[in-house]
Amino acid sequence: MAEAPAHPREVFSLRGHEAAESAFEEARVRGRLHHAWLLTGPEGVGKATFAYRAARRLLGAPPYPAFGALGASPEHPVSRQIIARSHPDLLVLERLGEDGKLRKAIPVDEARRLSDFFAKSPAAAPHRVAIIDAADDLNVNAANAVLKTLEEPPARGVILLISHSPGGLLATIRSRCRRLAFQPLDEAAVTAFVQQHADANPEDAIRLARMSKGAPGKALSLAAAGAVGVDDAAKEILTGLPDLDEGLALSLADRFRGGEGAAQFNLLFERLAERVHAHAMRLAAEGHGGLDRWAAAWETLQRLPREVEGVNLDRGDAFFTALSDLRAAARA
């Protein structure tokens, strides 16, 4: 597996989103900076990287043109403080807890920190900045706590809300933010990005770019997770249906144990679901029947990872349940 990609607070370059950066910088320079910005687009497309770039500028880091419109020098004190997570005027709300473990959601106690944070004047910068990564992870009570802060705009305060699925946010949250949309990059740009930042040969770089659907950050995460190998396994499973070799099935189930088991499970189900969808679309175009069974198998692949996480189902049992549905579809 490749090395895990750097956290967005440690990334100083961003390509393909010059229009969003120019719009934000123009608003800042003209003194028309909105108090809340909703950054929307696919996961891994660069929204969090943009948020930290905007935060550096708002917190006083001067322009560094070598890194674009919102570029800042990695050596500037503001940049160093953000990397060290020690800047007094920056608050980040995220699922990752202080113990280093991912929580199911951003809890209300975290969201309530916004009110106290913005009640104070900036300690060392022109603004106080909060990043919510991601707003989709706020539970109901936390979302309402954020809304209260948005309804009472803080003086010299800016909130950057990252959202992969803005349609799921409260309409009242969306209405109080200025939206910046981040579009997927083209395949060639993501392929070049992967080759530059990951240990991937040209063929694998193209596959990772396609899997990411134009999101370079996701492409790097996929590379780090060994997604090419997992995708090969998904292809082998579907090619072997309905009489899949039991030894292969058992060896795949073994991947779901241990510390990386959950990530491997989710990734395999993601790759299987995408391949099943593509297969069903081909069958439909060719006029074949039996699509209801493939649709049921696809729904199972979508549903089981959520149930495994939500009610602590055994990942191995869930895997064999999905295989049963896939075998039924292949026999139809």
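Helices (H or I, at least four residues) and strands (E, at least two) are, throughout this talk, DSSP runs numbered from the N terminus. Good morning, colleagues. The structure is a predicted model, in which local features need pLDDT of at least 70 and side-chain atom pairs count only at pLDDT 80 or more, while totals for chains, interfaces and linings use all residues. Residues are numbered from 1 along each chain as its sequence is written, and side-chain values use heavy atoms, with hydrogens and water left out.

I begin with strand β4. All 7 of the 7 residues in β4, residues 157-163, are buried, so the strand is largely enclosed by the rest of the structure. Buried here means under 20% relative accessible area, exposed means over 50%, and partly exposed lies in between, with a 1.4 Å probe and protein chains only. In a regular strand the side chains alternate between the two faces of the sheet. In β4, Gly-157, Ile-159, Leu-161 and Ser-163 point one way, whereas Val-158, Leu-160 and Ile-162 point the other way, and all are buried.

Which strands pair with β4? Two strands pair if DSSP finds at least two bridges between them. Strand β1, residues 36-40, runs parallel to β4 and is joined to it by 5 bridges; Leu-38 stands opposite Leu-161 in this pairing. Strand β3, residues 128-133, is also parallel to β4, with 6 bridges, and here Ile-131 stands opposite Leu-160. Together, β3, helix α6 (residues 140-151) and β4 make a right-handed β-α-β unit. Right-handed means that, with the strands pointing away from the viewer, the path from the first strand over the helix to the second runs clockwise.

The loops around this unit deserve attention. In the loop between β3 and α6 lies Ala-134, and a cis peptide bond with omega of about 10° joins Asp-133 to Ala-134. In the loop between α6 and β4 we find Arg-156, which has a positive phi of about 55° although it is not a glycine. Arg-156 counts as partly exposed, at 47% relative accessibility. His-127 sits in the loop between α5 (113-118) and β3. Is His-127 buried or exposed? His-127 is buried, with a relative accessible area of 19%. Its side chain reaches the backbone oxygen of Leu-58 at 3.3 Å.

Pro-242 belongs to the loop between α11 (227-240) and α12 (246-254).

I turn now to the second largest pocket. On a 1 Å grid over the protein atoms alone, a pocket is an open set of points where a 1.4 Å probe fits, with protein on both sides within 12 Å along at least five of seven lines; lining residues have an atom within 4 Å of a point. The second largest pocket holds about 440 Å³ of space. Of its 16 lining residues, those closest to the centre are Arg-85, Val-92, Glu-94, Glu-98 and Arg-113. Strand β2, residues 90-94, gives the most to this lining, with 4 residues.

Arg-85 is found in the loop between α3 (77-83) and β2. Arg-85 is exposed, with a relative accessible area of 60%, and has a positive phi of about 55° although it is not a glycine. Thank you for your attention.

How values were computed: Grid points are joined across faces, edges and corners, and a volume is the space filled by probe spheres set on the points. A polar contact is a pair of N or O atoms within 3.5 Å; within protein, one must be able to donate a hydrogen and the other to accept it, and residues adjacent in sequence count only if both atoms are side-chain atoms.
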